[in-house]
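Here are my notes on the model you sent over.

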Amino acid sequence: MAERYPLPVYYDFASTICYVAHRVLGRLSGRIDEIGVDLEWHPIDLTAVTGWRRGARVAGPGRERALRIAQELDVPVRMPACWIDSRGASCRALALDGDPVKAAVWRERVWTAVYEEGRDIGEPGEIERLCADLGLDVQETRHGEIERATLDARKAGVQGVPTFLVDTWPMGGIQDDFAMTAFFERYARKRRREREP
């Protein structure tokens with residue numbers, strides 16, 4: 001069996017650029033698998049990293065940049081007008097961490113709800129409705145878990161999302177399919193060299 005190389009990627013459901021990354025990585029998933037890289041998705045609360053405020057309007061250059069990146073990477077998106085509260089959805093993602101298949105289905109459902117259906121996952125009852133969509137048990141939301149995960153990410157040098165953590169080097173952002181494929185290939189080569197006797 002070919003060797004597999006885990007690669008942590010940090011994200012926040014509130015980030016439009018993370019949604020774009022999710023879609024880009026989704027269309028590259030077959031190639032990423034062939035290369036031997038296993039993405040390990042870690043949710044964080046970006047407001048605790050950047051100081052942005054939940055509920056604040058997302059306007060100006062930041063909004064224009066996110067929409068430009070989505071367009072350049074050919075990802076249609078309905079960008080929320082305000083910074084949404086993603087903690088409940090992120091806590092649910094953490095609760096599913098032991099089941100990669102369910103965790104992936106959850107991420108897909110949340111991304112679709114926010115950036116394609118225009119739903120606000122911070123609204124009361126929305127997480128419960130999304131869980132019901134998937135037949136998942138609704139668990140109590142404990143924001144302390146996402147706070148701890150965010151603190152750990154900050155200690156690792158994560159300053160934004162999406163961020164791929166290569167050893168102690170945080171690589172932020174998303175690029176086109178060619179550049180991302182080259183990045184994963186370099187990462188796998190590096191890991192193979194490290195394992196050579």
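**Cysteines, fold and surface**

1. Cys82 has a relative accessibility of 29%, so it counts as partly exposed (buried means under 20% relative accessible area, exposed over 50%, partly exposed in between, with a 1.4 Å probe and protein chains only). Please keep in mind that this is a predicted model: local features need pLDDT of at least 70, side-chain atom pairs count only at pLDDT 80 or more, and totals for chains, interfaces and linings use all residues. Residues are numbered from 1 along each chain as its sequence is written, and side-chain values use heavy atoms, leaving out hydrogens and water.

2. You will find 0 disulfides in the structure (a disulfide being a pair of cysteine sulfur atoms within 2.5 Å). Cys82 is in none, and its nearest cysteine sulfur, in Cys18, lies 18 Å away.

3. Cys91 is buried, at 5% relative accessible area. Its closest cysteine sulfur belongs to Cys131, and at 12 Å that is too far for a bond.

4. On the fold, the protein has 9 helices and 4 strands (DSSP runs, numbered from the N terminus: H or I of at least four residues for helices, E of at least two for strands). From the N terminus, the order is β-α-α-β-α-α-α-α-α-α-β-β-α.

5. Burial applies to 45% of the 197 residues. Among contacts between residues at least 6 apart in sequence, 77% join residues at least 24 apart (contact means heavy atoms within 4.5 Å).

6. Along the principal axes, the C-alpha atoms fill a box of roughly 55 × 40 × 30 Å.
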